[in-house]
Each structure stands twice: as C-alpha cells, then as structure tokens.
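Here is a quick tour for anyone opening this structure for the first time. Have a look at it, then read on.

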Amino acid sequence: MAAAPGWWRLELASLPELEESLLWKLADLGIARVAVQHRPETPSQRQLIAWLPAIDWPELERQQLALALAPLAEPFGLALPPLRWSQQADEDWSLSWKQHWQADPVGKGLLILPAWLPCPPEHAERRLIAMDPGSAFGTGSHPTTRLCLEALELLAAMTQEGLAGLRVADLGCGSGVLGLAALRLGAASVAAVDTDSLAVRATTDNAALNGLTPQVRVQLGSVEALAELLEGQPADLLLCNILAPVIQALCPAFNTVLAANGVGLLSGLLVDQAPALQLALRDEGWQAELTAEQSQWGLMTIRRVA
Ligand SMILES: C[S@@+](CC[C@H](N)C(=O)[O-])C[C@H]1O[C@@H](n2cnc3c(N)ncnc32)[C@H](O)[C@@H]1O
C-alpha cells in the first residue's frame, strides 16, 4: 500500500518519569521534530508530540515504533500511555510544531524563549535565553533541566558577585541551555561537549542566537574532550545533566574538568539512584548532597571532600 503524503503527528501523555527516555529514544530513531507541550500553570501535565514524515512511517513501522517505546516504561512499573496518531498535510507541520513552544519562565528570573517569539511584556524583567528547540534535548521543559536552572539561580544568589567571572563546564550540553543560563547569570565562559553531533550544532546555534558565541566553545565528545577544551585548567562550575549510570561512569574524570574548590550541579538521576551515586562520587573524592527534587528526579551538588 502506498504511504500517505504529508506527516504523521504522534501524541502521547508525557509522564515525568518517562519523558527523558522517550525523547532520547525518539532522537535515537532519527525522529527529530518533537515538542513537549505544557501550560506554564500546569507544568506536570505534558503532552509529547512528534512529527514523522508519512513516507518513512507506514503502518508496520509505526507499530514497531510502539513496540520500541513500550519497554521504556517497564523500569518504572508503568505502562506506556496510548499513542495517538493523526495525519497532517505537508504545509501544516512546521507551523504546528512551532505553535507548541511557548515562553517558559523558569525559577525566579529566567525565561526560555523560542527564538521566533517576542518576549511577553509580563516577563520583560527576566533574563532571556533564546532557543531554537531543534532536535537536541534541553528546551527547559524537563524537570532535570529545570532543577539545574533553578540550582544555578540559587548558586548565583548565594554571593554578591553571583556567577561573575566563573569558568563553566557543560558536560552533555544538549541544546546548550544550562551553559547559556550560566552566562546570563554572569559567568565568564562556557566549555561544552556532547556525544551527539546534533547537540553540538544546537548549542553552537543557540549561543549565536543569544549573541554569546565568543563566550562558548563547543566540541563533540565526552569528559576527555571537555578536559581538552579547558586546556588543563579545570572549571569553577560543572553542569552535568545525564542519566545516573552515565554520571557514575564519568565521575572518575571529574577532577580533570572541575577545580578542587569548584562546585558541580548534577541531575538526570532519579531520587532512588542518589545513594549509590553518592557512594561512587565519594570514592572519587567528591562530597555529594541531594539538594533538590522534582517528580522523582534529583539534583545533586558536589564539592571536593575537605
Ligand atoms: C538529559 S540531556 C541534557 C541536556 C541539557 N544539558 C539539559 O540540561 O537540558 C543529556 C545530554 O547528554 C548527552 N550525553 C549522553 N551521554 C553522554 C556522555 N557520555 N558524554 C557527553 N554527553 C553525553 C546526550 O547526548 C544529551 O544531549
């Protein structure tokens, strides 16, 4: 049977525990046009929407996609919410994709603003982070990103100088949102890496969108590439929002990217995973405290053991 022209629009309830895994799986399958819709007043009720070229996604492929997504819910003892498919004409999809992103106030004073929207007057006092959500993770809607952004704000509020002059390392930068927020809060520079080339491109593009290109250096890779970017001078602040097992695997090299008197903000871990991660970090000489939680996700602050 010939594939229908246009696009398939896939929509499902985005449960907080599942959202990150779903976004990764979709990106892994080459599904780049995704959006997470939520109203600012009900941030926990989210819909995940993806647009798939109909020509590439006939019925059998769509059934296989459902089978590939279902196991992601199992570790949480959940069932995958029902997938709702509808067809959309060619000319509609780009508009609908963009319509689902809104200005998103985060914390006390940050605003994530889709690049094509003007700043709403009621948020004029906030520090703007313009984003072209593109395909990389980190639009600010995920609890782990919000935890990091709020922790950055708190850290900036702890001293008179805020983040002024700090050198920041962003490990797993996604869209670059965390590093860009740090710069908006006064940091001097950001070195950012990601193992996904789409993320490297997104961070480069988003730095330019914000007029922050001179302060941001981005490279494809992981913690080794980050140490190289930092040229042997570990950063004052490490931002790392990746899943707990990945953080655990990377933490033996944290001393190459975070100075002995520096602070690290880690997220991407479930609260249940915190004790094991704390032990692993302790073994590497880092004292780790679970300092904030949101929808089962945790934020850990690390400092060198005295
Ligand atoms: C949860 S996203 C976080 C994105 C963004 N920093 C944020 O907070 O919204 C995790 C990112 O880490 C990247 N990543 C995964 N494993 C990595 C690794 N071993 N080294 C570097 N980046 C990694 C992924 O490609 C993804 O862009």
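Predicted model: local features only at pLDDT ≥ 70, side-chain atom pairs only at ≥ 80, totals over all residues.

## A glycine in a loop

With 14 C-beta neighbours inside 10 Å, Gly285 counts as partly exposed; buried would take 20 or more other C-beta atoms within 10 Å, exposed 12 or fewer, and partly exposed is in between, with C-beta atoms placed from the backbone. You'll find Gly285 in the loop between helix H9 (274-283) and strand E13 (286-294). Helices (H or I, at least four residues) and strands (E, at least two) are DSSP runs, numbered from the N terminus.

Leaving aside neighbours within four places in sequence, Gly285 is in contact with Arg304 and Val305 (contact: C-beta atoms, placed from the backbone, within 7 Å).

Residues are numbered from 1 along each chain as its sequence is written.

## The sheet

Seven strands make an open, mixed sheet, in the order E10-E9-E8-E11-E12-E14-E13. At the edges sit strand E10 (216-220) and E13, each pairing on one side only (strands pair if DSSP finds at least two bridges between them).

Strand E12 (residues 258-270) and strand E14 (residues 297-304) run antiparallel, joined by seven bridges. Leu270 stands opposite Trp297 in E14.

## Two helices side by side

Which residues of H4 meet H5? They are Thr145, Cys148, Leu149 and Leu152, facing Val177, Leu178, Ala181 and Ala182 in H5. By class, this contact of H4 with H5 has seven nonpolar, one polar and no charged residues (Ala, Val, Leu, Ile, Met, Phe, Trp, Tyr, Cys and Pro count as nonpolar, Asp, Glu, Lys and Arg as charged, the others, Gly among them, as polar).
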